[in-house]
Amino acid sequence: MRYLVSGEEMKLLDQNTSQVFHVPELVLMEQASMAFVQKLLLLKQNKLSTALIACGSGNNGGDGLAIARLLREQGIFVFVWLAGEEEGHRTSSSYDVQKQICSAYSIPVVQKEKVSAGEASYDVVIDALFGTGLSREISGELANDIDVLNQLSGWKVAVDIASGICSDDGAVLGTAFRADDTITFSFGKKGQYLWPGNEYCGKVHVVSMGITQESWLDHKPHTAVLEPEDLKKLPSRMAHTNKGSYGKLLIIAGSVNMSGAACFCAKAAYRMGSGLVRVFTCEQNRLILQTKVPEAVLVTGQENEEETLLAEQLQWADAVVFGPGIGTGDAAHQIVKTVLQKASVPVVLDADALNIIAEDTSVLLLAHTELVITPHLGEMSRLTGDSIAFIQTRLIDTADKFAGKFHVTCVLKDEHTVVATPHGRTYLNLSGNHGMATAGSGDVLTGIIGSLLAQRADVETAAALGVYLHGLSGDTALKKCGFRGMMAGDVVNGLKDFLAENQL
């Protein structure tokens with residue numbers, strides 16, 4: 001597991017390193033610049049001849065000036081554009097020192113007119129205008145400066161974060177530098193991975209520059225990212241076991257003409273390792289489910305029997321998945337009430353269950369067990385009343401607030417899905433690909449999370465690991481299917497292949 005930080009968290013880490021561990025700001029700047037240059041040269045295998053570095057007048061600009069000197073030491077022809085000073089903005093003391101050093105070494109300074117006129121071409125254009133502390137919109141001449149940089153040819157690289165991107169939520173603050181790569185210091189920044197910031201930051205490379213976990217003191221960052229080593233948290237499997245050892249999962253899914261949701265969910269649950277899966281669905285789905293997922297046990301009944309049958313199944317289960325393809329009719333409304341009132345094991349609420357709950361979200365507070373909700377942006381919009389556009393630019397904040405307000409674990413699905421827990425950390429998932437934007441993919445995710453819950457993983461682990469594994473399954477499927485050809489069934493097969501390849 002690794003952590004992503006906000007602008008405020010990074011500022012605190014800087015302060016702690018200087019004030020508690022007595023590492024001067026100028027030393028940190030030198031270490032950051034050296035780490036940047038080493039990574040830059042590694043990425044291009046030392047095949048750089050010319051560089052333009054656009055420097056703001058704060059510490060990010062100071063980094064840029066130090067980078068200019070270090071690149072020159074490597075025999076690269078370096079040109080510095082002091083964009084921040086041209087606009088008369090305040091400088092930092094470390095910037096002033098780095099400027100004096102560059103001046104002493106006679107590193108050439110170019111004016112905006114020459115840059116914008118395109119009088120020279122550069123192998124690399126380096127953005128050192130604004131850092132992670134930016135909180136205001138960029139306008140006027142500084143916005144024009146960024147536009148000038150974006151129009152230049154050559155490889156574009158940002159120092160720490162693409163200028164104009166909010167490090168907290170990825171918002172574009174007026175305008176932003178479009179980087180091919182971003183070399184960032186110590187920890188990834190949330191805004192580098194959230195849309196639209198991820199489109200501006202390009203590929204993000206985290207390099208060490210002297211700010212370590214010790215600088216957290218007693219305050220760990222709020223947002224975490226799972227990595228391969230976290231797969232060790234999967235529920236263990238032992239030789240002397242039976243199907244009952246790996247959990248009993250009840251899936252309430254599917255309605256007339258919506259059998260696929262139940263099929264994908266059940267298949268994914270079995271592939272994730274569930275010992276027993278029962279599907280509570282309508283009688284019309286019997287033949288399809290028995291053909292597509294013969295391992296699953298079906299529970300169907302007449303309308304006047306459904307509530308009694310469902311209550312019995314809720315008593316049987318170790319975990320419940322509820323919602324995929326159930327529709328929003330009267331029967332589905334009644335099932336929502338029954339599940340929330342009578343379930344005593346963890347419940348995953350998805351799809352139509354969420355659309356019904358959106359009519360009165362207070363019903364979530366009536367549950368007597370732990371709940372996981374898995375909305376996509378449209379469903380989250382209905383749950384909160386906020387627009388999709390609003391939610392998409394405030395993904396982590398939206399999930400955090402909903403999880404805290406309704407005491408649920410919120411899996412808010414997007415390009416990079418957020419898993420927010422009611423009283424713990426928040427996870428941002430970085431596995432997966434856009435080939436998974438296909439019908440049924442969400443049903444697969446729900447089945448994976450439900451299976452982990454049935455195998456007695458705690459809710460936080462099941463949700464975060466489930467999302468991570470879902471993405472890894474899509475990445476595995478990509479090797480065979482490509483982006484355009486991927487279907488939900490391929491993601492299920494990708495799960496099987498990934499677990500087998502990694503002996504999980």
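This is a predicted model: local features need pLDDT of at least 70, side-chain atom pairs count only at pLDDT 80 or more; totals for chains, interfaces and linings use all residues.

Trainee: Which strand does β2 (residues 50-55) pair with over five bridges in the parallel sense?

Mentor: That's β4. One place to look is Ala 51, whose bridge partner in β4 is Val 124. β2 is also joined to β3 by five bridges, again running parallel, and there Ala 54 has Trp 81 as its bridge partner.

Trainee: In what order do the six strands of the open sheet come?

Mentor: Read them as β3-β2-β4-β5-β6-β8, with parallel pairing. β3 (77-81) and β8 (203-207) are the edge strands; each has a single partner strand, so one side of each has no neighbour in the sheet. On average, neighbouring strands are turned by 20° against each other, ignoring direction.

Trainee: What packs on the sheet, and which strands does it touch?

Mentor: Helix α2 (residues 25-43) does, and it touches β4, β5, β6 (181-185) and β8. The direction of α2 makes about 150° with that of β6. Another helix to find is α7 (residues 140-151), which makes a right-handed β-α-β unit with β4 and β5.

Trainee: Back to β4: are its residues buried or exposed?

Mentor: The idea is to check relative accessible area, where buried means under 20%. In strand β4 (residues 124-128), five of the five residues are buried, so the strand is largely enclosed by the rest of the structure. Val 124, Ile 126 and Ala 128 point one way, Val 125 and Asp 127 point the other way, and all are buried.

Trainee: Now the cysteines. How many disulfides does the structure hold?

Mentor: A disulfide is a covalent bond between the sulfur atoms of two cysteines. This structure holds zero. Take Cys 166: the closest cysteine sulfur is in Cys 201, 11 Å away, which is too far for a bond.

Trainee: Why do Cys 166 and Cys 201 count as buried?

Mentor: Same cut-off as before: under 20%. Cys 166 counts as buried because its relative accessibility is 13%, and Cys 201 because its value is 0%.

Methods. Residues are numbered from 1 along each chain as its sequence is written. Side-chain values use heavy atoms; hydrogens and water are left out. Buried means under 20% relative accessible area, exposed over 50%, partly exposed in between (1.4 Å probe, protein chains only). Helices (H or I, at least four residues) and strands (E, at least two) are DSSP runs, numbered from the N terminus. Two strands pair if DSSP finds at least two bridges between them. A crossover is right-handed if, with the strands pointing away from the viewer, the path from the first strand over the helix to the second runs clockwise. Axes are lines fitted to C-alpha atoms, for helices over the stretch in contact, and angles run from 0 to 180 degrees between N-to-C directions. Contact means heavy atoms within 4.5 Å. A disulfide is a pair of cysteine sulfur atoms within 2.5 Å.
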